[in-house]
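Hi,

Here is the structure I said I would pass on. Have a look at it first, and my notes on what turned up follow below.

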Amino acid sequence: MRIVVAEDLFLLRGGIVGLLEAHGHEVVGTAATGPETLDALLAHRPDVAIVDVRMPPTNTDEGLVAALEARRQVPGLPVLVLSQHVEQLYARELLADQAGGVGYLLKDRVFDADQFLDALERVAAGGTALDPTVVAKLLARPAAGTRLSALTERERSVLALMAEGLSNAAIAEKLFLSEGAISKYTTTTFDKLGIHDDGAANRRVLAVLAYLNESDA
Amino acid sequence: MDSTGSADRERGAMMRAIRSWLFAAGTGFARSLIFAASALLVPILCAVLPVLAALHRFGRVWDWTNPWSWVGMLLLVAVFTLVGARPLGTFVRRLLARWSATSIDAGYRSRETDPVPVLLATGYWWNGHSYERSRRDAERDQLWRRRIGDPAYWRDVRWVLRAAITVGPVCAVPVAALVGGIVAFAHPSVLAVAVGVLLVALTLTTSPLAWRVVRPLAERWLRPQDGGVLGERVRQLEQQRLDLTAAQAAEIRRIERNLHDGAQARLVAVGLSLATAEKLMDTDPERAKVLLREAREGTSESLGELRNLVRGVNPPVLVERGLVEAIRALALDSGLNVHVDPVRRVPLEAPIEAALYFGVAELLANAAKYTPTARVDVRIRRTATTVEIEVVDDGPGGATITPGGGLDGIRRRVAAFDGTLTLASPVGGPTRSTIVIPCESS
């Protein structure tokens, strides 16, 4: 894959680039500030970009702003946002356009190279990769709470993994269940929540996220 | 037997009473004399020139018809008052501390409040007020500025003038009466003797009492005044500083303990795992792999702990997005049905933002704890001089601020910025908490 890495800390940027190249990916551009990130994203149109939230010049949410702006100009441009902390607030902003190709993970997730690359590939393919911490917070939303409380423990954990962006096969592997069992769970879950399941994995995840992302009315 | 015994006892009691009265009169006389002398020093000095003139000691040094004589006299009095004020004030305070156990704080400015003179590149010494050629000059200049500018010193000056017309005449009564009595006795006439007896009696009766007039007057005029509004403000600021220092110390302790028991300990464990894994790499690769995984998990966990710590010290969203967005993030995480108004950014100083953020966090946590299903409205208002955050929930109400509790913590935290927390929580709800912090909009 052709990847852009936007990260202001030199050591981390080097580490991520090294990791990606070790796995046979091509890093087509790097950026260390917000404006550079936006330029790199628009110039290279990478298969996927890895973007840090906090970057110079303001050291606030430059990276996130750049990623959102790039996706506004190029809808669905795959971006995986990395941060030292995850916020529902930012997750909602990233998911708001419902275009897919979005990831939002804690930086520590790069420790597990396989899972990290898996998430990266998912995002590149138009899927989603949400950090479990964010998903846990989304599931605790009161707006969703009323109907979520009707779910069984197992259905909840399937929903959580789905919200993270995992496919049925991956969920099955994680929970030591068969894929058939998982699809049964997803069907019942969708019925209970009233989500329309049109089968396509990415769209399904987006539906789940849209449901969880409902504004608190 | 009995009657003579009781008479003896009565006589003994009377003797003791008379003796103690005489003793009191004696010490009182001495004290009155000393206070009178200290208070009348200036009037006496006033009289020096005219008296000298009257005695023709140094020729005509003073003549009441010559205006320059008056100027000279006033000059003399002024100089003696200004020079003598501090020693006299100190003298009276010391005597009162010894004789009536009344401690009156002088309240002089101390050396510590002045900056230490620094040698500038120009070769001059800067003492905070002026440039001087040498360190000694700089310090002397500082000393004079400190002394002359000290309100406590001017209080002493005023005391000298006031004491001359209050303490002086009163304390002089026993002494004057005794002198008058002695003079009267010198005249061999019945009337003079009668007057003399009366005057001595006056001395004896007023001696134990006269000097006591000093204490209330000194307490009123020599003690640093509270300064009314300003004094109140100073006390308030001192309290705020104390609260702030205590809060800061507690926070630092918390951070230290967290780091020590958390991340630090974990990193040691990670290091150990790595060292062992290195050793086992060749002989037992399987165990080495397990150890490596453990090490990785350890770093993950310490990162998590550090993240929580950072969140408690200075929440990242606050840094990245400012107060309103940070409160929206709080609202999202609270699990409550929260409505935040407005959505636009409200620029504020970072410490005030943090105080407000943690205040709202505490209020939302309270709401989540007691009325998890309530609807909560957070309203942020910025006026020209204040920032105001109102958190209203439609829960059952009945909340109170208990000392040492979470709400009290908010109150103290915002008090450091002269802010207030008001709570209106009638039983049956709604609960309305308002934090107001004064700050000029920039």
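Let's start at one spot in chain B: Thr420(B) stands opposite Val436(B) in E8(B). Before going further, note that this is a predicted model, in which local features need pLDDT of at least 70, side-chain atom pairs count only at pLDDT 80 or more, and totals for chains, interfaces and linings use all residues. Residues are numbered from 1 along each chain as its sequence is written, while chains are lettered from A and ligands numbered from 1 in the order in which they are written.

**The sheet in chain B**

E7(B) and strand E8 (residues 431–438) of chain B run antiparallel, joined over five bridges; strands are DSSP runs of E with at least two residues, helices are runs of H or I with at least four, and both are numbered from the N terminus. Two strands count as paired if DSSP finds at least two bridges between them. They belong to an open sheet of five strands with mixed pairing, in the order E4-E5-E6-E8-E7 (chain B). At its edges are strand E4 (337–341) and strand E7 (420–424) of chain B, each pairing on one side only. On average, neighbouring strands here are turned by 15 degrees against each other, direction ignored.

Helix H12 (residues 350–370) of chain B packs on this sheet and touches E4, E5, E6 and E8 of chain B; contact means C-beta atoms, placed from the backbone, within 7 Å. The direction of H12 makes about 10 degrees with that of E6(B). Helix H13 (residues 406–415) of chain B lies across E7 and E8 of chain B, at about 145 degrees to E7(B). For these angles, axes are lines fitted to C-alpha atoms (for helices, over the stretch in contact), and values run from 0 to 180 degrees between N-to-C directions.

**The sheet in chain A**

Chain A has an open sheet of six strands with parallel pairing, in the order E2-E1-E3-E4-E5-E6. Strand E2 (26–31) and strand E6 (128–130) of chain A each have a single partner strand, so one side of each is left without a neighbour in the sheet. The twist averages 20 degrees from one strand to the next. Within it, strand E3 (residues 48–52) and strand E4 (residues 79–83) of chain A pair over four bridges, and Val51(A) has Val81(A) as its bridge partner.

**Cores and buried residues**

Which residues touch the most other members of the largest nonpolar core? Of its 95 residues, they are Ala49(A), Leu80(A), Val81(A), Tyr104(A) and Val360(B). Such a core is a set of buried Ala, Val, Leu, Ile, Met, Phe, Trp, Tyr and Cys residues joined through C-beta atoms within 7 Å. Helix H11 (residues 323–334) of chain B gives the most to this core, with eight residues. A second, separate core of 23 residues includes Leu40(B) and Leu96(B).

Arg266(B), in helix H8 (residues 228–280) of chain B, counts as buried because it has 21 C-beta neighbours inside 10 Å. The cut-offs: 20 or more other C-beta atoms within 10 Å is buried, 12 or fewer is exposed, and in between is partly exposed, with C-beta atoms placed from the backbone. Leaving out residues up to four places away in sequence, Arg266(B) touches Gly298(B), Glu301(B) and Ser302(B).

**Between the chains**

The contact takes 15 residues from chain A and 19 residues from chain B.

Cheers

Technical notes
Contact = placed C-beta atoms within 7 Å.
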